Amino acid sequence: MRRLLLSSFILALLVVGGALWYFYGNLRVNIDIPPSADKLAAEENIHLQIKPNKRPPLGKLEILLVQGNKTLTLYKGNIKCADTDILVKTKEAGFKNGEAQIVAYLELPFKREKIFQKEVYIDTVPPTISVLEKPRRLVIGEPGVVAVKTSPDTADIYVQLGEAKFKLLSTENGTYKTVITAPLFLLKSPANYFIVATDEAGNTAKVYLPIAIKPKKFRTVKIELTKEKLEEIVLKYFSSPDNLVEKFTQINTLFRAEDEEYIREICSNSEARLMAEKAFLQLPGSAPTAFYGDHRYYYYNGKLIGESVHKGIDLAKYRHAPVVAANNGRVIFTGRLKIYGNTVIIDHGFGVFTLYGHLNDFTVSEGEYVKKGQLIGHTDTTGLALGDHLHFGVLIWGYAANPLFFFDGYYLHYYFYNPLKKTFP
Ligand SMILES: [Zn+2]
């Protein structure tokens, strides 16, 4: 009898133990918190992934942010699959700058087990920004130099002006420099300059950059299009000359906008050194036929059918005239754009680019360093051009500046080269 009791007891123990083992024994919870959460800002989205391989009836999972005695619960609940973002306000929760851990505990009826630990660093302080150099005022189309210093953990820094971003590039002694401009869009949508800096943890600082914008009155140009001219334009893009006005509108608005977006993309990387020197060359022997800021109104049969704002200077010489690099730099683009036709774009450093449009051919290739005055191609009428000419543009991080400032060596010396070359302790 005693023997029977004992074996029943052992059997019961085995059954209960087996059930417990079945439910909890082979429970595994994989927790994944990506490396982007290694540095936590004042406010941080932590991406959390939980993957249990069994779904037990009981038990809880608790994930905490721990710094000394301070804890903050990131997750508490059933052990189930999760793939979620958790907004953690470290600063508001009272965490200090320094090391911390993300720790996960598995709570079962009979035990609490630490199953995950990740070392993190809390940084709640946004970068400090001190402005070393900036223009006091800018006329529309004028270039300006900005230099700033920030705290060493700065990861990304730029000058913001409405939709425009002018990247600040890292130079000597932890100084960041760039060239900005007051683009033509300011005439329609005014905006203010700000410096925006983000550190490695993701804290962002934004400071107002006081620069007065001086509006400028540009020319109004009326362009009368004959049927022949309109057909000539339309046949450059379409196979048949029907619906002339609709097709012209598509070329002048849609294709133009596509070019501008593409140009901004091309001009989004620049060398953090100045390659240009002295005045930029105006195509030798050429005469300007259109200027920066010209507001063009297109008429057909006495009716207004479109408008555009000219983002460079048109220089005419003779058919297939040689085109030279306006200054030293690196060719970053040779190819066909919709409005500008065959185009060369040269990077001169710190976000300053020159664009040569409506070309016949290229005599340089992408990646090549060129010298001021070096042959890069020949003029033509490719793209939206009626007569043979060079469209010459100066772009600051993709935004058109007035080339006349760049032809003026005296102006450049005082307002462009000197501030760009200035070194700060
Ligand atoms: Zn032009």
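**Packing, sheets and a domain contact**

Some housekeeping. This is a predicted model: local features need pLDDT of at least 70, side-chain atom pairs count only at pLDDT 80 or more, and totals for chains, interfaces and linings use all residues. Residues are numbered from 1 along each chain as its sequence is written. Helices (H or I, at least four residues) and strands (E, at least two) are DSSP runs, numbered from the N terminus.

Back to the helix pair. H2 covers residues 227-237, and H3 covers residues 244-266. They pack at about 60°, and their axes are 10 Å apart. Axes are lines fitted to C-alpha atoms, for helices over the stretch in contact; angles run from 0 to 180 degrees between N-to-C directions.

Which residues meet there? From H2, take Leu 230, Glu 231, Ile 233, Val 234 and Tyr 237. From H3, take Leu 244, Lys 247, Phe 248 and Ile 251. Contact means C-beta atoms, placed from the backbone, within 7 Å.

Pairing requires at least two DSSP bridges.

E21, residues 295-300, joins E22 through six bridges, in the antiparallel sense. His 295 has Val 309 in E22 as its bridge partner.

Next, E23, residues 313-316. Three bridges tie E23 to E20, residues 287-290, and the two run antiparallel. Ala 290 stands opposite Asp 314 in E23. Three bridges also tie E23 to E30, residues 390-396, again antiparallel. Here Leu 315 has Leu 390 as its bridge partner in E30.

Now the domains. Domain 1 spans 28-122, domain 2 spans 129-214 and domain 3 spans 220-404. These bounds come from an automatic or database assignment. The C-alpha centres of domain 2 and domain 3 are 27 Å apart.

How many residues of domain 2 are in contact with domain 3? There are 17, against 14 residues of domain 3. On the domain 2 side, E13 (164-167), E14 (169-170) and E15 (175-181) each supply at least two residues. E15 gives the most, with five.

Two of those strands, E14 and E15, also sit in an open sheet of four, in the order E9-E11-E15-E14. Pairing in this sheet is antiparallel. Which strands stand at the edges? E9 (129-133) and E14 do; each has a single partner strand, so one side of each is left without a neighbour in the sheet. E14 is joined to E15 by two bridges, antiparallel. Leu 169 stands opposite Lys 177 in E15.

Last, a helix on that sheet. H5, residues 409-421, lies across E9, E11 (143-150) and E15. H5 runs at about 15° to E11. Thanks.

Technical notes:
Contact = placed C-beta atoms within 7 Å.
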